[in-house]
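Trainee: I have a model open and want to learn to read it. Can we go through the features one by one?

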Amino acid sequence: MADDLTNEATALLQDLIRNACVNDGQVSSGEEVRNSDLLTSYLAGSGAELEYYEPQPGRRSLLAKIEGSDPTAPTLMLMGHTDVVPVNPDGWSRDPFGGELEDGMIWGRGAVDMLNLTSTMAVAFKQLARRGFAPRGTLLFLAVADEEALGTWGAKYLVEHELDTVRSDYVITESGGYQVPTKAGVRLPIMVEEKGTFWSNITVRGTPSHASQAYKTDNALVTAAEVVRRIAEYRPEVEIGDTWRRYVQGLGLPDALTDPERIDELIDSLPVGLGRIAHSCTHTTMAPTVVHGGTKTNIIPDRVDLQVDVRTLPGQGGEAATALLMDAIGDLADRVEITSNDDPSTSSPVDTPLWDSLSRVTARLCEGSALVPTVMTGGTDNRFFRRAGSVGYGFGLFSQRIRFEDYAKMFHGHDERVDQESLDLSTQLWLALAEDVLA
Ligand SMILES: [Zn+2]
C-alpha cells in the first residue's frame, strides 16, 4: 500500500514541478490555476467536496473538505502552497522544471519548498476520502496560491475574506521535520514561531547644487552611505527566547548558545552558516538591501531612498523596531524619514493536543525520535492563521538522505530535490495524524 501511495505522490510532485507556477511577485505571475486544475483531476472521484477561490485571474486556491460529524470536535487543516520562486537555470545540474526521477530522487523547483508536502497532503487526503474516513472533526486540505509573495492572493486573502470557510483549530504547513541525529536519538525540528518583518524605507535628504563645486555640499548620497555603514555595524542586544532555549536544549547544543554573556563570542567561532542561524534566532537583524537616488552626474543629490530588511523578535512591536533603527542611525536621525511595514512575529504554544498527536505519530514513524520546537527566521502562511486563532506548526517528515545543511541550502537555491522515502514518510504522517487528531 505504502508503495502505491509513494508512486502517486511521486507522479503528482513531478507534475506539480513541471507546471512551473513561478511567482515573481507580479499579480500576473504564478498562474497557480494550473496546479489547482492538476490537483482537481487528481482528487476527482474521491468524493470530497472541492471549493475554489480566485481573487485575481489565474491565482486560484483549492480547498478540499471531509466534514466531521461533531461540530465541537477540532478542525485540522493541511496547507500546502502551489507556487514556487524563480530559478537561475545556470546554477542547476538538471532541468529545474523537468521533474526528473533518478535513483529515488525527484529534482526540480519546489521539491522541498514545498510541492513535496503539497503532493503528499493531497495523496493522504484522497486516500482518506477513498477509505470513507468519517472523522468527528473536519479535515481540510488547502492548496494555496501566492505564498512566495506575502500571501496577498492566497492565505492572507482567504483569512481576510473567507475566514468562516478556512478557520481551523490546527494548521500544518512548511517547514521542519528533517532528522537531526543527537546522542539522545533523532530529533525532529518543528516550526512553532516565525520572526516578524519590519521592512523599512529610509529617505535621506540633501540640498541640490552643482557637482563641479563639491566643497561643503549637503550630499544626500554621502549621508546615506554613512547611514548604511551605521546600520551594518550596529549590534542589537541578544534576546534568548523560550523557543530558542528549547531548541538548543533539545538538540544538545552548547549551553553558551543560551547565555547572553557568551553567545556572541560562540557565534563568531561557528561555521558561518550555523552562526547566521544562531545569530538571527537571538537578535533583531537589519540588512540594507536597496538604494535609489541621484539624478545626474553633475548634480549633488537631494534625495536617496534606502530599503532595509529588518527582522523582529517575538514581542517586539513597531515602536521598538523603529527605536532600534533610530539608535543605529544615531545623530543622523533628524536627517531621515522612516516608513515601515510592520508584520510582527507569530508563535504557537507547544502544550497543545496537536503537539501531543504529532509526538505520538512521529515516534512511531521515526523510531526513538522526539520533536524539538524551533524558530523560523522567514515567514510562512501560518502567520495569518495564527493571528486568526489557529495553532499553527511547520512540519513534514524527511528521510536521512536529506541532511539539514542540504535542506537549508535548497530553499530558493539551486538543485532542489527530494527522495521518495521522504514522500512516503510525509504521506504516512498525514494519514496517521488525521486519524489521531480527528477520529
Ligand atoms: Zn514555501
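Trainee: Which residues have the most contacts inside the largest nonpolar core?

Mentor: First, a caution: this is a predicted model. The largest nonpolar core has 81 residues. Those with the most contacts inside it are Leu 76, Leu 139, Leu 354 and Leu 358. Helix H14 (residues 420–438) gives the most to this core, namely 10 residues. At least three residues come from each of domain 1 (2–183 + 347–438) and domain 2 (199–343).

Trainee: What does Leu 354 touch, leaving out residues up to four places away in sequence?

Mentor: With those left out, Leu 354 touches Leu 76, Tyr 170, Val 171, Ile 172, Val 391, Tyr 393, Leu 433 and Val 437.

Trainee: Now the domains. How is the protein divided?

Mentor: Into domain 1 (2–183 + 347–438) and domain 2 (199–343). Read the spacing and the contacts together. The two centres, taken over C-alpha atoms, are separated by 33 Å. As for contacts, 13 residues of domain 1 meet 12 residues of domain 2.

Trainee: On to strands. How do they pair in a sheet?

Mentor: Through backbone hydrogen bonds, in either the parallel or the antiparallel sense. Take strand E6 (residues 139–144) here. Strand E2 (residues 61–66) pairs with E6 in the antiparallel sense, over five bridges. Strand E3 (residues 76–81) pairs with E6 in the parallel sense, over six bridges.

Trainee: Which residues stand opposite Phe 141?

Mentor: Ala 64 has Phe 141 of E6 as its bridge partner. Leu 78 also stands opposite Phe 141.

Trainee: Why is E6 largely enclosed by the rest of the structure?

Mentor: Because six of its six residues are buried. Check each face in turn. On one side are Leu 139, Phe 141 and Ala 143, and on the other are Leu 140, Leu 142 and Val 144. Both faces are covered.

Trainee: What is the strand order in the open sheet of three strands?

Mentor: The order is E4-E5-E17, with antiparallel pairing. Strand E4 (101–102) and strand E17 (417–419) stand at the edges. Each has a single partner strand, so one side of each is left without a neighbour in the sheet. Two bridges join E4 to E5. Glu 102 stands opposite Met 105 in E5.

Trainee: Are Asp 113 and Glu 174 buried or exposed?

Mentor: The cut-off for buried is under 20% relative accessible area. Asp 113 has 4%, so it is buried. Glu 174 is also at 4% and counts as buried.

Trainee: Which contacts does Ser 426 make beyond four places in sequence?

Mentor: Ser 426 lies in helix H14. At 2% relative accessibility, Ser 426 counts as buried. It touches Leu 117, Thr 120, Gly 396 and Leu 397.

Trainee: Where does Phe 97 lie?

Mentor: In the loop between E3 and E4. Phe 97 counts as partly exposed, at 21% relative accessibility. Compare sequence with space. Phe 97 and Val 87 are 10 residues apart in sequence and 9.3 Å apart in space, C-alpha to C-alpha. Beyond four places in sequence, the contacts of Phe 97 include Ile 17, Val 84, Val 87 and Arg 109.

Terms used. Residues are numbered from 1 along each chain as its sequence is written. This is a predicted model: local features need pLDDT of at least 70, side-chain atom pairs count only at pLDDT 80 or more; totals for chains, interfaces and linings use all residues. Side-chain values use heavy atoms; hydrogens and water are left out. Buried means under 20% relative accessible area, exposed over 50%, partly exposed in between (1.4 Å probe, protein chains only). Helices (H or I, at least four residues) and strands (E, at least two) are DSSP runs, numbered from the N terminus. Two strands pair if DSSP finds at least two bridges between them. A nonpolar core is a set of buried Ala, Val, Leu, Ile, Met, Phe, Trp, Tyr and Cys residues joined through side-chain atoms within 4.5 Å. Domain bounds come from an automatic or database domain assignment. Contact means heavy atoms within 4.5 Å.
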